[in-house]
Amino acid sequence: MFKEVAAGVDFPVLEKEILQFWKETNAFDKLVAKNRGKKRWSFVDGPITANNPMGVHHAWGRTYKDLFQRFKAMQGYDQRYQNGFDCQGLWVEVNVEKDLGFNSKRDIEAFGVEKFVNTCKERVLHYAGVQTEQSKRLGYWMDWDNSYYTMSDENNFSIWHFLKKCRERGLLYRGHDSMPWCPRCSTGISHHEIATEGYEEVTHTTVFVKFPLLERPGESLLVWTTTPWTLAANVAAAVHPELTYVKVRQGADVLYVSKGALANAVRGKHEVLGEVAGSEMEGWRYRGPFDELPAVAEAGAPDAHRVIAWKDVSDAEGTGIVHIAPGCGKE
């Protein structure tokens, strides 16, 4: 029934003929029936966010998913072919706010929180339908009448049940974490939201900074950082315990840098005065870059600055001494 594939063939027409052939022959249902009861292969679909029509990147990922399921089906495995839709998240809310002309959370409260939530659900269900038809057009074989939705009561109750069990087993604790905050949306932003929307190619100036050592007058750690704006949040300076560090005189300065980074970190005329292992530097106290500020002093930072050991420190670039600012990121 298919047209001969040749130069100038109309591929969209050919694809639609194949889809029609699958539909008329119940090809998918026959495949499921053929493998039913055999050894299981469980594929859990990472749900696509039902927020807009699918993009090319979604089609790319779904093609890979379909490829693996078809391969396992050819090997005779029984599968459940369950598609998923991610129905919750900041981007769904942001798009609904744009549609409604909102500018802040106060607009949501004035509109009515319950009404706003229901409007978000309507958007999700609409685009779940759009994405379903797009996926069928892509040739993606799934049990489309049995898709799961993360906004379902079953999903939410399961999550709460899981958290309850974690709490009963003492696996939950209160702690602190640093995370980006969106002042417009009045909420924390997840790593996923940053990774999908927040990356830009930018060039920042790197800086070399001296941290004067308190017990070694006239001597300083030489620290290199690609994020100079985080220096105000400095807490510690990290060295690799197994690296060798050199004490170098350059002009009026006496600096400590890793031996492997010396050529890059200290340029021009200098004199090597000695060597010390990174493990021996642990606990050295130093003066931070903004210790003179009242807020920093009140927080007790000037008495807290220490050299710490960290095996992730490298001397492939910089100085082999890493500026640590936990308030600006988990690393």
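1. Is Tyr-81 buried or exposed? Tyr-81 is buried, at a relative accessible area of 4% (buried is under 20%, exposed over 50%, partly exposed in between, with a 1.4 Å probe and protein chains only). Its place is the loop between α3 (56-74) and β2 (84-86), and its phi is near 50°, a positive value in a residue other than glycine. Helices (H or I, at least four residues) and strands (E, at least two) are DSSP runs, numbered from the N terminus.

2. A word on the ground rules. This is a predicted model, where local features need pLDDT of at least 70, side-chain atom pairs count only at pLDDT 80 or more, and totals for chains, interfaces and linings use all residues. Residues are numbered from 1 along each chain as its sequence is written, and side-chain values use heavy atoms, with hydrogens and water left out.

3. Now for the largest nonpolar core, which has 21 residues. Such a core is a set of buried Ala, Val, Leu, Ile, Met, Phe, Trp, Tyr and Cys residues joined through side-chain atoms within 4.5 Å. Phe-211 and Trp-284 are among the members that touch the most others. β8 (236-239) is one of the elements giving two or more residues, and β8 gives the most, with four.

4. Another core, of 15 residues, lies apart from that one, and Met-54 and Phe-85 are among its members.

5. Back to positive phi: Ser-186 has about 55° although it is not a glycine. Ser-186 sits in the loop between β4 and β5 (187-188) and is partly exposed, at 42%.
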